[in-house]
Amino acid sequence: MKALILVGGEGTRLRPLTANVPKSMVPVVNRPFLEHMLEYLKKHHITEIVLALCYLPDHIQHHFGDGHDFGVKLTYVVEECPMGTAGAVKNAAQYLDDTFAVFNGDVFTDLDLTTMAAFHKENQALVTIALTPVEDPTMYGVVETDSQHRILRFIEKPSWDAISTNMINAGTYIMEPSVLDHIPAQTWFQFEQDVFPALLRHGELLYGYPSQTYWLDIGTPEKYLMLHHDLLLGRCNNQSLREGGWLGSDCDIHPTARLTGPVVVGENCVIGPRARIIGPTILGHHCTIGKETIVEGAIIWPETKLGDQVNVKGCIIGQNTIVGDNCWIMDGCVLGDNVTLGDENKLERGIRIWPSRTLAPHTITFDHRS
Ligand code: GTP
């Protein structure tokens with residue numbers, strides 16, 4: 001089976017992390033997210049993969065080339081302007097001549113694709129949609145099935161009294177090529193709103209494949225952070241972490257520095273005297289952490305430098321960013337790439353700083369009482 005991965009979206013909710021890289025290329029435990037997806041597909045013996053690109057396509061093409069170095073064969077289809085999830089698949093129709101799988105390029109899962117493909121064949125379905133349970137279905141598109149898993153209804157963001165299931169569309173599909181006949185060419189078209197409900201109305205066989213397995217999309221900074229915490233705390237059965245090791249080569253860690261809990265340190269990092277790195281935390285390659293600085297539950301992208309006595313908790317800091325001494329960055333703040341933060345800045349409550357900004361010392365101070 002071939003797979004198509006949708007990686008063309010702008011990832012607006014993940015900004016400013018997606019200002020310079022597409023969402024599928026943001027690092028997850030120091031590797032582009034898409035590398036994890038390719039590993040996953042290889043595990044299920046899928047090696048012929050079409051990537052549907054649009055936003056910042058060069059990033060992906062330069063990194064992966066023809067896929068040979070990653071053990072897969074990649075074909076790229078680039079949209080001039082976004083075509084939507086279904087429009088993007090239609091755009092790649094020439095490469096999809098047999099049963100194929102479609103993935104959102106921002107979902108981390110260990111869904112059993114091999115069993116899902118067998119389920120699809122057994123039911124002779126036109127489309128099989130992976131379903132995953134969520135705590136609050138009112139935020140999502142809910143999928144109602146009968147006892148044999150045939151899909152009966154799609155309900156977008158239902159109210160609590162209209163809910164009969166908490167299973168939602170998990171963004172992974174197995175399809176027959178004839179689905180493409182239901183998608184107009186060169187038109188913005190979405191599977192969820194435009195294609196699947198119309199197929200149901202035509203009486204086509206759509207099945208839901210329910211799964212309780214790990215599933216998370218990295219669409220927002222909160223969820224991107226959560227994926228790292230889950231990976232480091234061993235909540236998603238992921239082996240590649242342990243294979244990759246926790247401490248990169250050529251690091252200079254001062255003997256008085258303390259690393260506690262699950263911490264991944266990239267290559268060539270310097271950690272200063274009495275610094276404390278508290279897991280779950282990831283330091284990218286070539287990062288420098290100043291003396292007496294505390295980093296807890298954070299993701300720091302490569303080549304970033306934190307000064308002395310900095311305090312970072314539950315935040316994401318982009319690449320090649322410089323944080324001055326005595327800064328305080330808390331509660332879901334996100335700093336983009338190439339930001340320079342002067343000394344003694346205090347950022348709290350999900351503040352997001354766009355790439356290449358320079359803030360003078362003491363520029364932003366947030367007081368809990370204000
Ligand atoms: P937001 O702007 O934050 O909603 O993110 P997004 O643009 O990535 O949209 P969304 O999270 O809904 O997309 C789910 C998946 O589909 C992601 O992997 C996107 O890259 C991909 N995607 C969304 N729209 C398009 C599109 O028009 N073309 C292509 N090729 N992929 C798309």
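The radius of gyration here is taken over C-alpha atoms, and the globule rule is 2.2 Å times the number of residues to the power 0.38. Keep that in mind while we look at this one. It is a predicted model.

Start with overall form. The protein chain has 370 residues, so a compact globule would have a radius of gyration near 21 Å. The chain comes out at 22 Å, which agrees. Along the principal axes, the C-alpha atoms fill a box of roughly 65 × 50 × 35 Å.

Next, what is it built from? The protein chain has 7 helices and 32 strands.

Now packing. Of the 370 residues, 54% are buried. Take the contacts between residues at least 6 apart in sequence: 48% of them join residues at least 24 apart.

The chain exposes about 16400 Å². Carbon and sulfur atoms supply 49% of that area.

Charges next. There are 28 positive and 44 negative charges in the protein chain.

Zoom in on the β30 end. Strand β27, residues 328-329, runs parallel to β30, and 2 bridges join them. For a landmark, pick W328: its bridge partner in β30 is K346.

Terms used: Residues numbered from 1 in each chain as written. Predicted model: local features only at pLDDT ≥ 70, side-chain atom pairs only at ≥ 80, totals over all residues. Heavy atoms only, no water. Helix = DSSP H or I, 4+ residues; strand = E, 2+ residues; numbered from the N terminus. Buried < 20%, exposed > 50% of the residue type's maximum accessible area, 1.4 Å probe, protein only. Contact = heavy atoms within 4.5 Å. Areas by Shrake-Rupley, 256 points an atom, 1.4 Å probe, with all protein chains shown as cover. Lys, Arg positive; Asp, Glu negative; His and termini not counted. Charge placed at Lys NZ, Arg CZ, Asp CG, Glu CD. Pairing = 2+ DSSP bridges.
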